[in-house]
Amino acid sequence: MSAKAKRSAQVRRITGETDVAIKLVVDGGGRSAITTGIPFFDHMLTLFAKHALFDLDVKVKGDIQVDFHHTVEDTGITLGQALTKAIGDKKGMVRYGNFHLPMDETLVRVALDFSGRPLLVWRAPKTTNLDRLRAGDFPAQLTVEFLRAFAQEAGLTLHVEVLYSSETHHLIEAVFKGLARAIEQAVRRDPRVTGIPSTKGML
Ligand SMILES: [Mn+2]
């Protein structure tokens, strides 16, 4: 791949519960077309693409008549797979990213490493009981399910902390925006980086 080639991938993943089709351009401009059947989730993925500077098409037919769980989790899996495919061997890539994302009264911190060793660390204040919180009809806990699935398939060491928040829509939105901004840093190609950004020689 030449230094200027746009990194991109397409993944289609079909199970008995969902059919997820994703087209991803990592070196994009923030354009997106998202239809998951869950309007709040569409809102999150649209702003994720915008702030990661990805071009992103996501089409999902999921069993949302059951609940939103399979659709959100399987979209996270497929998006992670598309990202892994698009960034390939990570040659010349910055690798790490971190961002403090403020949204009104909410502050979220994201730190991540395209390590190839998937792990999600999620922290939120003890008073934030995600099991009880919703943004519209979107259960807040599904945010964590999305992150876990995405981190697993993208090979990310991913730390997400809600430092404080008192509004569920802001909380979830700050997580998606902070994730996007940290990824945007990490996937940048730095001309000073020769080869794979690890002393081990692989990631
Ligand atoms: Mn919003």
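A residue is called buried when its relative accessible area is under 20%, exposed when it is over 50%, and partly exposed in between, using a 1.4 Å probe and protein chains only. The model shown is predicted, and local features are given at pLDDT of at least 70, side-chain atom pairs only at pLDDT 80 or more, while totals for chains, interfaces and linings use all residues. Residues are numbered from 1 along each chain as its sequence is written, and side-chain values use heavy atoms, leaving out hydrogens and water.

**View 1. Leu 112 in strand β6.** Leu 112 is located in strand β6; helices (H or I, at least four residues) and strands (E, at least two) are DSSP runs numbered from the N terminus. Leu 112 counts as buried because its relative accessibility is 4%. The C-alpha atoms of Leu 112 and Asp 74 are separated by 21 Å, the two residues being 38 apart along the chain.

**View 2. The four-stranded sheet.** Four strands form an open sheet with mixed pairing, in the order β5-β6-β10-β7; two strands pair if DSSP finds at least two bridges between them. The edge strands, each pairing on one side only, are β5 (96–103) and β7 (119–123). On average, neighbouring strands of the sheet are turned by 10 degrees against each other, direction ignored.

**View 3. Antiparallel partners of β6.** Strand β6 (residues 106–113) pairs with strand β10 (residues 157–164) in the antiparallel sense over seven bridges, and Asp 113 stands opposite Thr 157 in β10. β5 and β6 are also antiparallel, pairing over eight bridges, and Gly 97 has Leu 112 in β6 as its bridge partner. The hairpin of β5 and β6 has two residues between the strands, and Asp 104 in the turn has a positive phi of about 50 degrees.

**View 4. Helices against the sheet.** Helix α3 (residues 141–154) lies across β7 and β10 and runs at about 155 degrees to β7. Axes are lines fitted to C-alpha atoms, for helices over the stretch in contact, with angles from 0 to 180 degrees between N-to-C directions. Helix α4 lies across β5, β6, β7 and β10, at about 150 degrees to β5.

**View 5. The α1 and α4 pair.** The axes of helix α1 (residues 39–52) and α4 come within 8 Å and cross at roughly 30 degrees. α1 is therefore roughly parallel to α4, a term for angles under 35 degrees, with over 145 being roughly antiparallel, 65 to 115 roughly perpendicular and the rest oblique. Residues of α1 including Phe 41, Met 44 and Phe 48 meet residues of α4, among them Ile 172, Phe 176 and Ile 183.

**View 6. The largest nonpolar core.** The largest nonpolar core has 61 residues, and those with the most contacts inside it are Phe 48, Leu 112, Phe 114, Phe 146, Phe 150 and Leu 158. Helix α4 (residues 168–186) gives the most to this core, with 10 residues. Such a core is a set of buried Ala, Val, Leu, Ile, Met, Phe, Trp, Tyr and Cys residues joined through side-chain atoms within 4.5 Å. Leaving aside neighbours within four places in sequence, Phe 150 is in contact with residues including Phe 48, Leu 79, Leu 156 and Leu 179.

Definitions and conventions:
Contact means heavy atoms within 4.5 Å.
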